[in-house]
Amino acid sequence: MKTVEDFVLLLQDELALPVTEEDLGRPFDAVEAWDSVHLLALCTALERETGRSLSLADALEATSLDDLYRLAVEA
């Protein structure tokens, strides 16, 4: 995963979330179909795709998908 477009595809394909790039900055409670289980599944998918570990503490502090994307690409 190298681009934000790759991230959106990951969200759509792996988590079946109906999101677009415009949804990334929204708070989690404003993202259609989001629930807390998606956070763990997304962290696992991001670690697999990037080959790097994510800090669970940092992931839990994220307030949007964009926060998680930045965490994954800046890790």
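1. The side chains of E49 and R48 form a salt bridge, with N and O 3.5 Å apart; a salt bridge here is a side-chain nitrogen of Lys or Arg within 4 Å of a carboxyl oxygen of Asp or Glu. E49 is partly exposed, at a relative accessible area of 37% (buried means under 20%, exposed over 50%, partly exposed in between, with a 1.4 Å probe and protein chains only).

2. On the basis of the values: this is a predicted model, in which local features need pLDDT of at least 70 and side-chain atom pairs count only at pLDDT 80 or more, while totals for chains, interfaces and linings use all residues. Residues are numbered from 1 along each chain as its sequence is written, and side-chain values use heavy atoms, with hydrogens and water left out.

3. R48 also meets E14 in a salt bridge, at 2.9 Å from N to O. Because E14 belongs to helix α1 and R48 to helix α2, this pair ties together parts that are 34 residues apart in sequence (helices are DSSP runs of H or I with at least four residues, numbered from the N terminus). E14 is partly exposed at 43%, as is R48 at 46%.

4. The count of salt bridges comes to four. One of them joins R70 to D66, with the closest N and O atoms 2.8 Å apart. These two residues of helix α4 are four residues apart, about one helical turn. Salt bridges with shared partners join E14, R48 and E49 into one network.

5. The axes of α2 (residues 36–50) and α4 (residues 65–74) come within 10 Å and cross at roughly 30°; axes are lines fitted to C-alpha atoms over the stretch in contact, and angles run from 0 to 180 degrees between N-to-C directions. The two helices are therefore roughly parallel (angles under 35 degrees). L39, L42, L46 and T50 of α2 make the contact with L65, L68 and A72 of α4, where contact means heavy atoms within 4.5 Å.

6. Most residues other than glycine have a negative phi. A16, however, has a positive phi of about 55° and is exposed, with a relative accessible area of 61%. Phi of A33 is near 75°, and A33 is partly exposed at 47%. Leaving aside neighbours within four places in sequence, A33 is in contact with L17, P18 and H38.

Note on methods:
Angles under 35 degrees count as roughly parallel, over 145 as roughly antiparallel, 65 to 115 as roughly perpendicular and the rest as oblique.
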